[in-house]
Amino acid sequence: MSLAELIQKAWHDQAKWLIVLRPLSWLYRAVFLWQKHNKSKNAYRAPVPVMIIGNITVGGSGKTPLIIALVEYLQFKNIKVGVISRGYGGKGEFPLLVTLDSTPDQVGDEPTLIVQRTHVPMAVGPNRKDAIELLLQHHHVDLILSDDGLQHFALARDLEWVVVDANRGFGNEKLLPEGYLREPLSRLDEVTVIEHSANPKTNLNMHLAPGTPYNLADRSQPFDASLHYEAVVGIGYPQRFFNTLDDLNISYQKHAFADHHAYQAGDFSTMNIQAIITTEKDAVKLNLLWQNDPEKLARVWVVPVQAVLSENVHQLFNDQLLGLNPKFKINLSHRPNS
């Protein structure tokens with residue numbers, strides 16, 4: 001077990017030995033507050049409104065499906081939206097526009113998935129200012145969604161949404177590395193909190209609805225739920241995917257990799273790869289790995305998920321959009337022409 005996996009397990013189990021990391025958490029807090037204070041003073045403000053979709057924990061929370069759902073909603077309302085992201089896992093050269101031909105090793109897995117699903121104008125790069133300027137050079141947009149970047153205080157923002165996974169919670173509620181909080185819990189008082197839960201306790205909530213698994217090589221192939229699958233996943237919270245497979249009554253063997261894992265052929269050397277099942281985020285990387293091996297691609301099945309937002313989330317979003325630009329009213333009030 002790697003050090004990263006050991007710490008992840010300790011966070012999940014709220015292991016008592018994590019207390020030895022408390023001095024590092026104090027240092028993290030001091031550096032974090034210093035950066036927040038100094039970078040916010042000279043933050044770059046884009047010429048169009050910017051909305052951050054982020055989280056205050058390490059690991060997955062359902063942020064990417066939410067971004068896809070918001071993009072699709074804005075497109076449905078004929079509001080010109082663009083997306084920026086750090087492009088984690090991509091090698092650049094940054095900043096870089098994301099297109100349908102972009103690959104995960106260039107721009108990152110999540111940007112690849114977002115653009116493939118929505119065709120939204122998107123730019124990536126660790127410097128969000130550069131990414132925004134590149135995006136605006138090539139596309140006219142009225143609103144920019146930032147995939148993550150909540151802690152990127154060098155970027156001014158008009159709206160901040162934080163996704164909180166009710167199943168994971170906040171662990172021991174400690175900052176990194178003693179816990180998995182990126183920011184103190186008090187930060188939630190300053191943002192719009194979207195609860196990710198199938199059994200929510202708040203009105204502002206979402207859940208992920210899985211669809212029928214499709215074949216990566218041929219979507220017309222019917223899914224065989226009677227097979228035993230190798231469940232391959234490299235996301236921030238793998239158990240969420242395994243829970244989905246349980247809900248779908250799929251038999252599987254677990255294979256959990258680190259978030260944003262770059263798959264190599266050796267990862268599958270000990271598996272029976274006659275039938276693999278995975279997430280859409282992982283599928284974009286397996287498609288790249290086996291792009292010249294259609295036989296292997298035909299063995300991969302992908303579970304699509306759709307973020308389902310509560311009516312209160314839609315209403316709040318509409319209200320916030322009108323607060324950003326009253327001209328959005330006509331878009332929000334009328335169904336677009338089909």
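Guide: The largest pocket holds about 1,200 Å³ of space. The model is predicted: local features need pLDDT of at least 70 and side-chain atom pairs pLDDT 80 or more, while totals for chains, interfaces and linings use all residues. Residues are numbered from 1 along each chain as its sequence is written, and side-chain values use heavy atoms, without hydrogens or water.

Visitor: What makes a residue part of the lining of the largest pocket, and which are the closest to its centre?

Guide: A pocket is an open set of points on a 1 Å grid over the protein atoms alone, with protein on both sides within 12 Å along at least five of seven lines; a lining residue has an atom within 4 Å of a point. The pocket has 50 such residues, and Lys 63, Glu 110, Asp 148, Asp 259 and His 260 are the closest to its centre. The lining divides into 19 nonpolar, 17 polar and 14 charged residues.

Visitor: What makes a set of residues a nonpolar core?

Guide: The residues must be buried Ala, Val, Leu, Ile, Met, Phe, Trp, Tyr or Cys, joined through side-chain atoms within 4.5 Å. The largest core has 36 residues, with Leu 70, Leu 145 and Trp 161 making the most contacts inside it. Helix α3 (residues 63-76) gives the most to this core, eight residues. Leaving out residues up to four places away in sequence, Leu 70 touches Met 51, Ile 53, Leu 145, Trp 161, Leu 309 and Phe 317, where contact means heavy atoms within 4.5 Å.

Visitor: Why is strand β2 called largely enclosed?

Guide: Buried means under 20% relative accessible area, with a 1.4 Å probe and protein chains only. Five of the five residues of β2 (residues 81-85) are buried, so the strand is largely enclosed by the rest of the structure.

Visitor: How do you know that β2 pairs with β5?

Guide: Two strands pair if DSSP finds at least two bridges between them. β2 and β5 (residues 143-147) have five, in the parallel sense, so by that definition they pair. Gly 82 stands opposite Ile 144 in β5.

How values were computed. Buried means under 20% relative accessible area, exposed over 50%, partly exposed in between (1.4 Å probe, protein chains only). Helices (H or I, at least four residues) and strands (E, at least two) are DSSP runs, numbered from the N terminus. On a 1 Å grid over the protein atoms alone, a cavity is a set of points where a 1.4 Å probe fits but cannot get out, and a pocket is an open set with protein on both sides within 12 Å along at least five of seven lines; lining residues have an atom within 4 Å of a point. Grid points are joined across faces, edges and corners, and a volume is the space filled by probe spheres set on the points. Ala, Val, Leu, Ile, Met, Phe, Trp, Tyr, Cys and Pro count as nonpolar, Asp, Glu, Lys and Arg as charged, and the others, Gly among them, as polar.
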